Amino acid sequence: MTDPPPPQDATADLGPDTSSLLSAVAAISSDLDLTSVLARIVEAATTLTSAKYGALGVLDPHGGFSDIVTTGIDQPTQDLIGELPHGRGILGLIVDEPQGLRLEDLSVHPSSVGFPPNHPPMTSFLGMPVRIRGTVFGNLYLTEKAGGGPFTASDEQLVEELARTAGYVIANARAFALSERRRQWLEASAELSHLLHPPVDVASALQQIVRTAREVSGARAVAMWSSLGAEHDTVALAQPGDHEALRALSGARASIPPPHGGAVVTTIDGVSLVLVPMRSHLAPAVALVAVPASESVLLDPQERELLAVYADQAAASLDRTQALTDRQDLAVISDRERIARDFHDIVIQRLFATGLQLQGVAAMSNEPAVSDRLDAAVRDLDDTIKAIRATIFELQERRGGSLRGSVRELVKEYVPVLGFSPTVRTSGPVDTAVSDELGTQLLAVLREAISNVARHALADDCQVDVTVVGERLELRVADDGVGIAARVAESGLRNVRRRADDLDGSLSVSRVGRRGTVLIWRVPLG
């Protein structure tokens, strides 16, 4: 009995070209990391065609290259050449007309623009577009076939088949990368619920929200803009002292996106920014703004959508935290009301009844000593009733004297005149840190500001923010009306300014963009 023949390679009968193509396809399909996939495609193409140099240029929306992956040129040579090609000359031919191009000598072609200094000589050329679902993703370029001869029609056919397969592989790698990005953003969003679970240090929470957004997005800087003004913004930088990013963030503040819009891409002094509105109703956060790094994934529309979802989650979590704080304040007020009611309806009435009974017993007693003791007890009960009534009065004063409540009640008075309900937000220890005298001054300024909005602004919306930060009280009233004139005769505003001066504070009234006015009144708590 003879031994069976040894096993043979399954691709041995397919011919050398087909076998090499299948090996190249297997090589580029063995990874899901997009950067590695692109590098494998270039290496497989050079191996398949015996080319010395290869490159894959990824197209950007403007017809240039957003990225180029090369092989065959070592790093010292690359450093001498300088920056990579931009998609002009012969490379641009395939960008403009995405189809295969094979040249014996690329230097004699009319579109040739030559090579930069220190570039290695190249003669033969083969280019092929790489498509994903019919759309050109990038172009594959091969030069200098081994042996000095030109690329053949067989080479072109092999590269065309490789490019067709590469499109599917790249699509899978991009889908995998997107799913990974979604997972990272979902994890970041899930952390918000834990981060903002009461009790909350709001300042630390805001810093962590912004820092997480910067780390996940890979941006140079991320800021959370506040409706209270630039001094209340929260900023996280990748590199401390990145003044260019800070200037761009500051310069773009006049471009706050509409609350119901999506992510907006803008440029300030040559620096790109991504602006995402935060749809918050109680928290003062209005936008999440990122300065992408040059290679940042934020430049991709799908990544900006993920950032927008994160911003929505952050806004909802901040609103929930503010709502819980307001509910706790209402619970305290409700407890005070209940205690005051119980004191009045139960305790005082029982003490009063007990005092009457003791007076009746004293009148029936024939012993002077007993009568005196009973009269003293009645007087003690009277003093106790007075003390309880003082406590009830204090509880009622605290309930009715809440500065937060007074601000909301004052604004509510103007709703019929305004024709809409302004948004009222408070932040910080407004009820405990602001003295009664300062609270009275604040309400007077607020009344003048809301009155001006009702009489002059022709506004459709208005926001009132009362904030205590550190040792400072700030009132901010912003509307979307016609805007304050360049020159205006101050009457009520003169009194508002005088109140600020008397308290060593400041007043600023300015236009916001083409429409709208913002009034900011700041005074020290002391």
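**View 1. The largest nonpolar core holds 35 residues.** L446, V464, L473, L475, V477 and W521 touch the most other members. A nonpolar core is a set of buried Ala, Val, Leu, Ile, Met, Phe, Trp, Tyr and Cys residues joined through side-chain atoms within 4.5 Å; buried means under 20% relative accessible area (1.4 Å probe, protein chains only). At least two core residues come from each of α10 (403–413), α13 (436–457), β12 (462–469), β13 (472–479), α14 (492–502) and β15 (517–524). Helices (H or I, at least four residues) and strands (E, at least two) are DSSP runs, numbered from the N terminus. With eight residues, α13 gives the most to this core.

This is a predicted model: local features need pLDDT of at least 70, side-chain atom pairs count only at pLDDT 80 or more, and totals for chains, interfaces and linings use all residues. Residues are numbered from 1 along each chain as its sequence is written, and side-chain values use heavy atoms, without hydrogens and water.

**View 2. V477 and its contacts.** Neighbours within four places in sequence are left aside. V477 then contacts L446, A449, I450, V453, C462, Q463, V464, T517, V518 and L519. Contact means heavy atoms within 4.5 Å.

**View 3. Five strands form an open sheet.** Their order is β11-β12-β13-β15-β14, with mixed pairing. Strands pair if DSSP finds at least two bridges between them. β11 (423–427) and β14 (506–511) stand at the edges with a single partner strand each, so one side of each lacks a neighbour in the sheet.

**View 4. β11 runs parallel to β12.** Five bridges join the two strands. S427 stands opposite T467 in β12.

Definitions and conventions. Buried < 20%, exposed > 50% of the residue type's maximum accessible area, 1.4 Å probe, protein only.
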